Structure formats: C-alpha cells, structure tokens
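I opened this model to go through its strands, helices and ligand surroundings one at a time. These are my entries, in the order in which I looked things up.

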Amino acid sequence: MPNADVLKLSQRYLDLIAGRAMSLEEKHAFIAETVESYEKHVNRGFLSYRKSVTQAGQYAALEWSGQGSMLKDLLDREYIDCLGGYGIFSAGINHPKIVKAVQDQMGRMALNSQELLEPWRAGLARLLAAVTPGDIGCCFFINNGTDAIEGAIKLARLYTKRNVFISTLGGFHGKSMGSLSLMGKASFREPFERGLQDVRFVPYGDADALDQQMCVLEAVGQLPAAVVVEPVQGEAGGVAPPPGYLTRVREICTRHGALFIADEIQTGMGRTGKLWGVDHDGVTPDIMCMGKSLGGGVMPLAAFVATPKVWEVMIPNPIIHSTTFGGNPIACAAGIAAITVTLEEDLPGQAAAKGDYLLKELGALQKKYPQVLTGVQGKGLLIGMTFPSDPIGFQCAAGLFKRGVLVAGTYSKASTIRIEPPLGIPQALLGEMLTRLEDTFREIGR
Ligand SMILES: Cc1ncc(COP(=O)(O)O)c(C=O)c1O
C-alpha cells in the first residue's frame, strides 16, 4: 500500500480514537472492516473460537466503552460485566481515581529514561511492602503475569541453586516456555513438550500428596527449588483448596528447604475476599507473583515480590534480570492508585460479602435446575459454574451474552463458566444478572 493510503487509514483510526462520531451505516461498515482485519491480519480462528458471542449471533460486537461494571459495544448495546476482563477489572472499568493518576503522570512523562531513579517504582514498592504479608517487600515490576512467573522461577533457581519445581494439576501460570512448564493442563503443554523447566505435578489441595512428592524427590537427590501454588485456582474455575492447605504448603516447603511461590496473579488485590489469597491462612510465602488488577484495570502491571532473605541474590548484579518497560511511571502510578482504591473502598470486604451472596443464590439455582447447573464453587468473587458438558457451558455463556451479561469459560475447562465481576459491582446488578441467568437456564432446560 502506498504511504499516502497508509496515512489516510491511520488518520481515520486516530480520528475515531479521538472521538469522531459515526453514523449507523458507518458503524456497520466499521464492524465489517474489523471482522475482516481479524480474519486476515489477527487470527481468523479467534472469531469462531469465541463461541459464547458467536452462538449468540453477535460475534461482531466491538467493545467500545465502559465504566464501573458496565460496558458498551459500538452499537450502544450495554453489558453487565461479570467477567472483569479475566480478572483485571477488580476496581471496575476506568475507575476515575486510577485514570486520573495515569493521566497526571502521562502529562508529565509517560515512560522513563531508565537511567535515573524512578520515583513511582520506588513508591509502589514501598506500598506493596506495607500491604503484603510478613517481611515480603522487595519488588520487581513487569507488564504481565507470565513475566512475573518467569522472574519468580529465575529467582528461585538463583537462590536455591536447584531446578526442580512442583506445580499442581489444573494450575495455570502463563504460556511462555518457562511458565508453560508449570501448566497443569495437557492441551496447552503437549504441542511444546518438553518444557524448559523440570516440573513434577501433585493434585491441587492435597497437602499429603505434596509432602509425599517432596520425600520422593529428596530420596532420589532431586531437591526442589520451589512449589508454585495458586491460593484459589482461577483458570481451573474458582477451585478453592480445603482450609489450612496453604498453611501446610508453607510448613512442607520450610521442612524440605524449598521456596513457596504463591501465584496471586488472579487471586490478589481482594479478588477472593482478602487482599491476598494467602491471607485466608495467614501465611507468608517466600515469593509472591501478582498482576492483572494490580494495574487497576487501566495499565498492564505485574510484579514478583520476595522476602529480603531471598532477594539478597538479586543484589550483586541488579541487572541479572531486567526489562525495558517494567516499572514504568504510568504503570506504577496506576498501581499506586489501584492499591489506594482497593483499601479506600474495601474491595476485599465487598468481594467476601458479594461472593457469599452469589454462592448462596447460585446454590439455590443449582437445586432448581440440576440438569443444567451441576456445580458451583469459588471464593469471594472468583466463582465457577460447572455444566454437564462443553456445549451446555457455551449455551449458558451465549444465552447470557444475548441477555446483556458478559461471562466466559475458563482456560482449563470449557464446561466451566466463570463469574468474576468488578468487586464494587452494585448489588442490584448482581440481582439482575441472576434473573437473566435463571432465564437462560429455563431456555436451556426446555
Ligand atoms: C494464576 C495466573 N497466573 C498467571 C497468569 C498469566 O498472566 P498473564 O496473562 O498476565 O501473562 C494468569 C492469567 O490468567 C493466571 O490466572
């Protein structure tokens, strides 16, 4: 394409980003153009893969704007957000305080030279040290959860000088080669076997199995560097372990000299009803990974955070692990505002109360429609609904989408639909969602 045409196209996009209004006809043409771009230049498989919105006959819905717990498509259709961007919108969509912090910092300087000291990286690290358990509080910032796990793997190897890890069945920790090695689901791993990392798997929630695996490894001289555990399994569909599990994981790791890495990427920032998932058991891991809602739903931001004792190995060569964009000022400004909002609005407390309410109401629906809904599990507002088959799961997601409620399946099980709304979602919207859900169940059960 000649440069003049490229510029015409890019300028048109910039005008639309700037808010130029479109006629209905132009909107439909723009939707068709976007679908074509996905088909030709993104991945056409993605269009048919997104079954909930495809079966609802609206696969061409373009996400256009959002506020709080509602989002709108280009045609002004409204959706109650019960997906939370897969866990990033804990503080709601476009929280004004978080947007303002980012805009303020952007007006001064968006990214950093990386040579001078970065004040908001330091400020966010100081805040995280104050709100994480025990003496955890040395931080490395990056842009996504996967990279937080990669950093944690490297840190654990550096500290322990070992390279065997233990992960859990159903666990999800990212899809880069290192983090993928910890993946507890075959379909994502198999095409890339063998993984980078030497990993053994144990059933999730079974502390005795973990202890046994540790003893086996010890007996054959393969001492593990670390155990990686989600406090509640997110992608497996809101699977909460039995009470006391994390306490036992802590004790087993300490006894066998392995590090305990808590993957709080989805559970952190109040999602499960406490600020961190490990707070349910009051334990301090050696390393915590966080991400998703750490950036307040406004900026990509993640971190791996450790105790000073473990962090000591990062000090002799502080660039042994580094990244260009990690800890940039706008992301850290978003993180500072996200922590402020999380505490000011008691988002963990809201998640706990609304989670209890939803689990009770969904339990009642399960009794009423046992042929449609076969299971409900979760903690706080990290909830999974299980259906008898994948097609029924898709039917439920599609039925809700048709009725203006956004949910999605999980990466691990298509028959499990997640309910993961912003933590401040008004009670009335949850009630409305339940009404539309029952309506969907009635339609499916017919
Ligand atoms: C528990 C957990 N760990 C790691 C990741 C990977 O994070 P990201 O997608 O930001 O790379 C996810 C993403 O869903 C997750 O839920």
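I began with strand E2 (residues 70-73) and strand E3 (residues 78-81), and found that they pair in the antiparallel sense over three bridges. I keep in mind that this is a predicted model.

I then followed E3 to its other pairing, where two bridges join E3 to strand E13 (residues 405-406), the two running parallel. The partner of Asp81 in E13 is Leu406.

Next I turned to the sheet of four strands, which is open and has the order E11-E12-E15-E14, with antiparallel pairing. I noted that strand E11 (375-379) and strand E14 (408-409) stand at the edges, and because each has a single partner strand, one side of each is left without a neighbour in the sheet. Within this sheet I looked up strand E12 (residues 382-386) and strand E15 (residues 416-419), which run antiparallel and are joined by four bridges. Ile383 is bridged to Ile419 in E15.

I also checked which helices meet these strands. Helix H15 (residues 390-402) packs on the sheet and touches E14 and E15, its direction making about 35° with that of E15. Helix H14 (residues 347-368) lies across E11, E12 and E15, and runs at about 175° to E11.

For helix H13 (residues 329-344) I compared length with expectation: its 16 residues reach 22 Å from the first C-alpha to the last, close to the 22 Å expected at 1.5 Å a residue. After H13 comes Asp346, whose phi is positive, near 45°.

My last entry concerns the ligand, which 15 residues surround, the closest being Asn144, Gly145, Thr146, Ile265 and Gln266. Which helix gives the most to this shell? I found that helix H7 (residues 145-160) does, with three residues. Sorting the shell by class, I noted four nonpolar, eight polar and three charged residues.

Methods
Residues numbered from 1 in each chain as written. Predicted model: local features only at pLDDT ≥ 70, side-chain atom pairs only at ≥ 80, totals over all residues. Pairing = 2+ DSSP bridges. Contact = placed C-beta atoms within 7 Å. Axes fitted to C-alpha atoms, helices over the stretch in contact; angles between N-to-C directions. Near = placed C-beta within 6 Å. Nonpolar A, V, L, I, M, F, W, Y, C, P; charged D, E, K, R; others polar. Expected span 1.5 Å × (residues − 1).
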